Amino acid sequence: MITTVGFAGPDVRSDVKVTVGDAPEPNLTINSSVASMYGKSIRQQMELILQEFGNPNVEVTLDDSGALPFVLDARMEAALCRHLSLPLPALEFRESSARRYRPRRTRLYIPGNSPKFMPNAGIHGADGIILDLEDSVPPEEKFAALALVRRALLTIDFGGAESIVRINNLDDIASLAPAEPDAFLIPKVDSAEQLWEISEFLDENDCSSALIAIIESALGVEQAFEIAASTTRLVAMTLGVEDYLADIHATARHATNWANGRIMNAARAAGISPLASVTSVIDNDAYIREYSGQMKELGFEGIGCIHPRQIAHVHRAFAPTSAELEFAQKVITQFEAALKEGTGAIAVNGKMVDAPVYRQAQRTLEWAERT
Amino acid sequence: MGGENLMRENKVGRMVPQEGNGRMLIPYGDQKPLGHHTAPRTRSCGEFPPSGDKTVADLKTALKNAGLRDGMVFSTHHHFRNGDFVAAQVFQAAQELDVKNLIWFPSAVFPCHEPLLKYIENGVIHHIEGSLNGPVGTFASAGKMPGLAVLRSHGSRYRTLQDGELHVDIAVIAAPECDMFGNMTGARGPSACGVLGFAVADAQYANHVIAVTDSLVPFPAAPWQIPGNLVDQVVRLDQIGDPAQIVSGTTQITRSPERLLIAEFAMKFVIAAGIFKDGWSFQAGAGGTSLAFTIFARDEMRKQNVTASYIRGGSTKYLVEMLEEGLTGSILDGQTFDLDGVRSVRDNPRHIMTSPFNSYNYHGKGNVASMLDCVLLGATEVDTEFNANVVSHSDGQMLHGIGGWQDALFSKCTILAVPTFRNRVPIIRDRLTTFCGPGELIDVIVTERGIAINPLRQDLYDAVEGSNLPIRPLAYLKQQAEDLCGGAPEPQAPGTRPVGLVTWVDGTILDTLYQTS
């Protein structure tokens, strides 16, 4: 039996194909585009992994197109585990920086089995990076993707972005809990119980990752508030448009209007962030700004992105206007003054200001400062 | 060919031979060679038919008339880029005429020239004196070519002919439209390629000039780019090039997020540094990051109502649109990349053909490159002192020609737009694999992880102070890439057998290329 993981070929960048077959004795062959620069260190790194697996009697061939060390680790582990029917080895713990409140204007999807996109995912200023194990990974690559995403979480600096993994199934959470992404993105949520279970599992495993739910069914939309209020780990919620449309037998995009409104209201009622859906338009900057602006006006805190060049346009659209900044500044100054004087509620520009408005004003200024 | 015992260290610490391809060589930095205007032998008009008809039946006849013999230096040009059929037909004819040991002095080679390697193997061509890349570069790097590949910039190639450092016996110029007298242009004809700037030096300085064309038109082929008074013979061929490969018609804007980010940083830098202003000038090529920079520049110019006085190209439809929209006063075109460029250089008097003499020549009375406010260039490696490599891969393999890269370094602000690493190859190194351009002429390195300014340019530091640009030390950018790549690359075994020379714009020797395993 031969097991292969990863990709090689003239058009492949930053990946490695690992081929494992049974052999009378251990054997390691390395073909690498960077042999003259990193040949020795690649061999050392691979021998170390083989040693950790007890130097099994396998013949391993690497066809390397410039894979970074974390990719070499992930591909080799995945190939050996696959071939020897072993679970992925335990990794050191990583400290999560999960936070309830943070800007989530942009969440950038990175396909979970595409190593070349990972090292630079964090340089484009996205508020969140989603390493995707679900729709963008074909079934036969799920295991390799899981191994890769684990290593990426431990190695890559995402530049302060919220690191998020969209899981494919609940087993992914067990594998990834030690790597503590800032959040797990849970697809196809249609009941509060689903999130309780996950939350409980994370509690037991001392993992502080937050949760973000994608609701993708008519049932899920009906349960929106129960889901939104199910666990304090849940920080945000969004609608999975394509699956939802299929579920309600609709084809028109505006058929999502009610569901979006329902999710928006439920999220706000439960005190979590409502997030708008992904746009796959990448060549039309004006459209991206218009869509983002509309979503902002509807109360959403961000949208999903599939290309880094969308990010700046979305951020521009979500940026507070000068009127909003001015209002926020006034709210803060006058509310704090009122607190000192012991007055409860005040009015700014004829609008009642209480604690939630004050907190919103603080967030407006805080996020404006970051951008 | 120079052996190891003749190697000597030059001013930038590279070992270079003192002699190569039968010529004495001057190491970079030792002295500044003077320029010359070589006077080629000139035939009198009395030797030509009074009718002005210089056409001959075929290429073989033309070569025989030109006195073809063993060891001659031949030149061809790359204005047909990867669609060139001329070089192949020239050496095919030479083989049929049974000559050997020719020296080929192309303005550049392309992958389409791979079939010509057989002429090196069978001795028709002795060696190629030019910037080698693609399959030809691989061949030379493997040590299979007798003689040394001599890599020169476009400006330096012109200077080489002008100074008489190398003398071309027979120049064969591909002419998309030509008349019987030899007046020719690249702007018209079925194989129109735009400008013929690379062939100007050969037309002036070669002993014998043959124009080959697939579009022979009645005299006068006017306006012409090269006058027939410089041409000895005219040959009509069925095909001189593949129009689809000569000009693509579409120049793709990159979608690579890293390249776009680098181009965006570069644009923000030129704005912050005050380089971007009404009347500015710049040069950016047709490659991914450069083209993206041009697009960003165009958008900013529209937005801020700024116009350029001139843009140096590689012209593309984007430059043409800017010219037609009034965003630039003119295009100084050295090479035309697409059909819009061809149309524009044909129809628009503000779209100006230039030769390397106009744009880049070092032994000339002034250098237009030094007047450019900024240029955006690429590199394969940069060292911590801002020196850079553009010709070889990090394993020493010949990868790219120098092109106009060295020449353009003379601009007021030279920006190298490079990623910090490519495919686990860190770009910023302690020591370059091949030394191709001195850091004192390289002002800014723009990467996806930040911008490094040459410490020699305190004025640029001051100009961008207070901007929100990610200005970082070059060492920091180097460290970032090495952290991702798993440390600095392992040291390479030093080369032993020279296979090529990297010359500087004045003809002195910057570095040696060695055989790779």
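1. In strand β13 of chain B, I210(B) is the bridge partner of V172(B), a residue of β10(B), and these two strands, β10(B) and β13 (residues 208-213), pair in the parallel sense over six bridges. Here two strands are said to pair if DSSP finds at least two bridges between them, and strands (E, at least two residues) and helices (H or I, at least four) are DSSP runs numbered from the N terminus. Strand β6 (residues 73-75) of chain B is also parallel to β10(B), joined to it by two bridges, and I170(B) is the partner of F74(B) in that pairing.

2. The model is a predicted one, in which local features need pLDDT of at least 70 and side-chain atom pairs count only at pLDDT 80 or more, whereas totals for chains, interfaces and linings use all residues. Residues are numbered from 1 along each chain as its sequence is written, chains are lettered from A and ligands numbered from 1 in the order in which they are written, and side-chain values use heavy atoms, with hydrogens and water left out.

3. Strand β10 (residues 170-175) of chain B is mostly covered, six of its six residues being buried, where buried means under 20% relative accessible area, exposed over 50% and partly exposed in between, for a 1.4 Å probe and protein chains only. In a regular strand the side chains alternate between the two faces of the sheet. Both faces of β10(B) are covered, with I170(B), V172(B) and A174(B) buried on one side and A171(B), I173(B) and A175(B) buried on the other.

4. The largest nonpolar core has 105 residues, and V212(B) and W405(B) are those with the most contacts inside it; such a core is a set of buried Ala, Val, Leu, Ile, Met, Phe, Trp, Tyr and Cys residues joined through side-chain atoms within 4.5 Å. This core draws at least three residues from each of domain 1 (48-129 + 166-245) and domain 2 (257-492) of chain B, the bounds coming from an automatic or database domain assignment. Apart from this core lies another, of 95 residues, among them A67(A), L72(A), F158(A) and L211(A).

5. Leaving aside residues up to four places away in sequence, W405(B) touches, among others, L377(B), V390(B), L416(B) and I442(B), a contact meaning heavy atoms within 4.5 Å. With the same exclusion, N454(B) touches F386(B), G439(B), I442(B), D443(B) and Y461(B). N454(B) is placed in the loop between β27 (450-453) and α14 (458-464) of chain B and is buried, with a relative accessible area of 4%.

6. Over all chains the count comes to 45 salt bridges, each being a side-chain nitrogen of Lys or Arg within 4 Å of a carboxyl oxygen of Asp or Glu. One of them joins D15(A) to R75(A), with the closest N and O atoms 3.0 Å apart; D15(A) sits in the loop between β1 (2-5) and β2 (16-22) of chain A and R75(A) in helix α2 (residues 69-84), 60 residues apart. Both D15(A) and R75(A) are buried.

7. R150(A) and E77(A) also form a salt bridge (3.4 Å, N to O); R150(A) lies in helix α3 (residues 142-155) of chain A and E77(A) in helix α2 of chain A, so the pair ties together parts 73 residues apart in sequence. R150(A) and E77(A) are both buried.

8. In chain B, R429(B) and E381(B) form a salt bridge whose closest N and O atoms are 2.7 Å apart. A network of salt bridges links R23(B), E129(B), R152(B), R159(B), D163(B) and E165(B).
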